[in-house]
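Hello,

Here is the structure I promised to pass on. Have a look at it first, and my notes follow below.

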Amino acid sequence: QNVVLARVKIYVEEMISARILEKNERLDGRKIDEIRSLYSEVGLLPRTHGTGMFMRGDTQVLSVITLGAPGDKQTIDTMEEDCTKRYMHHYNDTPASYGEAGPLRGPGNRAIGHGALAEKALYPVLPEEKDFPYTIRVVSEVLGSNGSSSMASTCGSSLALMDAGVPIKKPVAGIAMGLASIGNDWKVITDLQDIEDGPGGMDFKITGTRDGITAIQMDTKTTGLNWEIVKQTFKQSREAREQILDVMEKVISEPRKEMSPFAPRIVTVMINPDKIRDVIGPGGKMINKIIDETGAQIDIEQDGRVMITSSDAEGMKKAVEWVKALTHEVTAGEVYDGTVARLEDFGAFINVLPGQDGLVHVSEIAWARTNKPSDVLKIGDKVKVLVKEIDNLGRVNLSIRALLPKPEGYVEMARPERSSGGRPSHGGGHSGGRGR
């Protein structure tokens, strides 16, 4: 029975090709350069980051976008390649898409190939990673197929990317071109249907923008194509591509200015590359603490880019402030709300930033004479301090009294010099003291 059906199918395909060549008539009544009815729509699924539906005749594809952090890139580790991918397109179809009944299995070679073609078609128009650091995943679900669902996936992906606010350079569309040929007699047909892809035919898929081509894939059931066939194919495909882009652009002509409220946000903080170790901490202790307490995802590049990803605005703000505090370089004249970390006879060490302490000498605690710091301060006290100077050894000297009003009639008393007492450094503090 299957052998008989296969022979009947070939016979029908040959008759269709002959009718096209003899009468310029196609099975569904279209002209040889005519596209089936087109339909586009975006924003179908409200909870996703972006969606686009594209229909061409009975072929219908729904593409869904998910945006992720830079660390969500796909790792490719094979004998041929060792890299990561920030843009992924996955193509799914089922036997029901073709009006058939059959088992549901994972993607086969055909589905993987279709997904790879649609993925390749969009790569040239994607934004640079430095401008849009998100990882982008597109899943195209084939709801119905009668010819070139991979090209419908290309159109659906383009719609979904713009709906998600991904700043692609230009929308991309695709079309499958066919061929009816017997001997030296041939005609190129636009928008190939499955039944038209028979002996003497071809399936020539071309994707691109209004300005140029982004991807090509072709298989043929002939002994080869002459240049006249190729030239005519490109001519008709461009005309078809522009018609499809007209329909797509009526729905959405450029990327949305705002992303979905459900999409994560990424804030990039540039730091001194030498400070990367301060953000990571020993054994990753610091970066893991930030992630655990804020819920943000943090990715660090060697050039000093720290990319913080979060769907929670409050968590994002906290993580950004934390990273900036860890990497900020204290400069003279800045004012900080610090915490008393340690008390010595010669002064108090104040924690001004995570991992950065400075010294308030006993003479800089108050305008009145202070014999010992412990007379005025205790560990854990919150104090406002002014950075007086960063000495030539990088030690931070602070003052509390400089931020306090000077008492009326105050006269600075000369302090006799005395030998310095050695003291250990602590964070941004320093050794060697001044007598009062």
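This is a predicted model: local features need pLDDT of at least 70, side-chain atom pairs count only at pLDDT 80 or more; totals for chains, interfaces and linings use all residues.

Residues are numbered from 1 along each chain as its sequence is written, and side-chain values use heavy atoms, with hydrogens and water left out.

Some terms: helices (H or I, at least four residues) and strands (E, at least two) are DSSP runs, numbered from the N terminus. Two strands count as paired if DSSP finds at least two bridges between them.

Back to the pair. Gln-297 sits opposite Thr-309 in strand 14, and Ile-300 has Val-306 of strand 14 as its bridge partner. The hairpin of these strands has 4 residues between them, and there Gly-304 takes a positive phi near 100°.

The pair belongs to an open, antiparallel sheet of 3 strands, in the order 12-14-13. Strand 12 (265-270) and strand 13 (297-300) each have a single partner strand and stand at the edges, so one side of each is left without a neighbour in the sheet. From one strand to the next, the twist averages 20° (axes are lines fitted to C-alpha atoms, for helices over the stretch in contact, and angles run from 0 to 180 degrees between N-to-C directions).

Next comes helix 7 (residues 313-327). Its 15 residues should span 21 Å at 1.5 Å a residue, and its end C-alpha atoms are 21 Å apart, which agrees; the expected span is 1.5 Å times one less than the number of residues. Among the buried residues of helix 7 are Met-316, Trp-322 and Leu-326. Buried means under 20% relative accessible area, exposed over 50%, and partly exposed in between (1.4 Å probe, protein chains only). What covers the buried residues of helix 7 includes strand 12, strand 14 and helix 6 (285-294), where contact means heavy atoms within 4.5 Å.

Finally, two loop residues. Most residues other than glycine have a negative phi. Asn-24, in the loop between helix 1 (2-23) and strand 1 (38-42), has a positive phi near 60°. Ser-148, in the loop between strand 7 (135-144) and helix 3 (149-163), has a positive phi near 55°. Asn-24 is partly exposed, at 39% relative accessible area, whereas Ser-148 is buried, at 12%.

Best wishes
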